Amino acid sequence: MPNWKEVLHEIQDEVKKGTPNALDVIRRKYISEIQKKTGRNVIAYYSGWLQRGNAIDVIVNDKDKNAFMVNIHKLDRSKGLDLILHTPGGDLAATESIVDYLNQMFGNDIRAIIPQISMSAGTMIALSCKEIIMGKQSNLGPIDPQIGGMACQAVLTEFQKAKDDIKANPQAAHLWQVIISKYYPTFLGACQNSIDWSEKLAFDWLKRNMCNGDESKTKKILTEFSDHKTNKSHARHISKNKCKEIGVSVVDMEDDNDLQDLILTVHHSFMHTFVHTPSTKIVENHLGVAYVESLPIQMQQVQQPR
């Protein structure tokens, strides 16, 4: 299968032939090939955050529900779903709604495929699946919630440290006041609620599907992914081998060379699309139906198969 450079040459050849929308044609060709290989429905959920990380629409949000509704319409849901994920994560409420919808459509018969990286809320979506296909280059990320870019667990730990320091040495209150004064009213409560909410969702999803009711396994996976103290940073990249060690049900992408080549070719095709178009997010199925969000005016368009 084509590598990054060969995919680009294939796109350029189509342009020279006068093929309209050559990027779309090549991308959809290989998504369709994955479906032919597996016999399962395929939906690719791709964010262009690596190319334009400041755009609002690159994160998981409520508009994505519309994207999945468009993509799932007319699919034979008895064939299950292979969900290709490439996302920095995003809104927790939207993530809960999307996972609930996918479960209603496909039950537990959903596999996640991680060509490169799926972080935060994207990791939560992956952990809700029955198994995750990962390669040596694939990464998931911590799922501890953030508010305004601050780790909720770190905020509560810092506040407890402030209380302990002030109790031991009241004069320390002047030093801590500079930090604590920046917390808005109800901020600490919001942090605790976000932690409780995200952990409850991840626990329920893991136990119901991937862990098949095994509570001990569920707790181990949840602890490793949700503990900010363990991971040190929300941006930490968790490898395939680490995921296996934790207990995540991982399928090695390298076990099937043909499927691996197809997955990585699709990934390259999406990367070229984000580089050469104003797209910020694409949700696309193997039938060629796509929901696209774009810059500069972030207009959405539904594209039907050509």
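Reply:

Q35 counts as buried because its relative accessibility is 16%, and buried here means under 20% relative accessible area, with exposed over 50% and partly exposed in between (1.4 Å probe, protein chains only). Bear in mind that this is a predicted model, in which local features need pLDDT of at least 70 and side-chain atom pairs count only at pLDDT 80 or more, while totals for chains, interfaces and linings use all residues. Residues are numbered from 1 along each chain as its sequence is written, and side-chain values use heavy atoms, leaving out hydrogens and water.

Q35 belongs to helix α2, residues 22-38; helices (H or I, at least four residues) and strands (E, at least two) are DSSP runs, numbered from the N terminus. Leaving aside residues up to four places away in sequence, Q35 touches R40, V42 and H286, a contact being heavy atoms within 4.5 Å.

Next, have a look at L259, a residue of helix α12 (257-276). With a relative accessible area of 11%, L259 is buried too. Beyond residues up to four places away in sequence, L259 touches I34, K37, T38 and I133. Elsewhere, the charged end of R27 sits over the ring of F270, 5.3 Å from its centre (NZ of Lys or CZ of Arg must be within 6 Å of the ring centre and within 35 degrees of the ring normal).

N21 lies between α1 (4-16) and α2, and its phi is positive, about 50 degrees, although N21 is not a glycine. Most residues other than glycine have a negative phi. N21 is partly exposed, at 37% relative accessible area. K74 is another non-glycine with a positive phi, about 75 degrees; K74 is in the loop between α3 (63-72) and β2 (81-86) and counts as exposed at 74% relative accessibility.

Six of the six residues of β2 are buried, so the strand is largely enclosed by the rest of the structure. L81, L83 and L85 point one way, D82, I84 and H86 the other way, and all are buried. In a regular strand the side chains alternate between the two faces of the sheet.

What does β2 pair with in the parallel sense over six bridges? The partner is strand β1, residues 41-47; two strands pair if DSSP finds at least two bridges between them. Across from H86 in β2 stands Y46. From β1 the chain crosses through α3 to β2, and this β-α-β crossover is right-handed: with the strands pointing away from the viewer, the path from the first strand over the helix to the second runs clockwise. β2 is also joined to β3 (110-114) by four bridges, running parallel, and L83 stands opposite A112 in β3. With helix α4 (92-106), β2 and β3 make a right-handed β-α-β unit.

The structure holds five aromatic pairs, where ring centres of Phe, Tyr and Trp (its six-membered ring) lie within 6.5 Å, and planes under 30 degrees apart count as stacked, over 60 as edge-to-face and the rest as tilted. Y45 and F68 form a stacked pair, 5.7 Å centre to centre with 5 degrees between the planes. Y45 lies in strand β1 and F68 in helix α3, so the pair ties together parts that are 23 residues apart in sequence. Both Y45 and F68 are buried. Another place to look is the aromatic cluster formed by F159, Y183, Y184 and F187.

Three strands form an open sheet in the order β4-β6-β9, with mixed pairing. β4 (117-118) and β9 (238-239) stand at the edges with a single partner strand each, so one side of each is left without a neighbour in the sheet. β6 (139-140) pairs with β9 in the antiparallel sense over two bridges, and L140 stands opposite I238 in β9.
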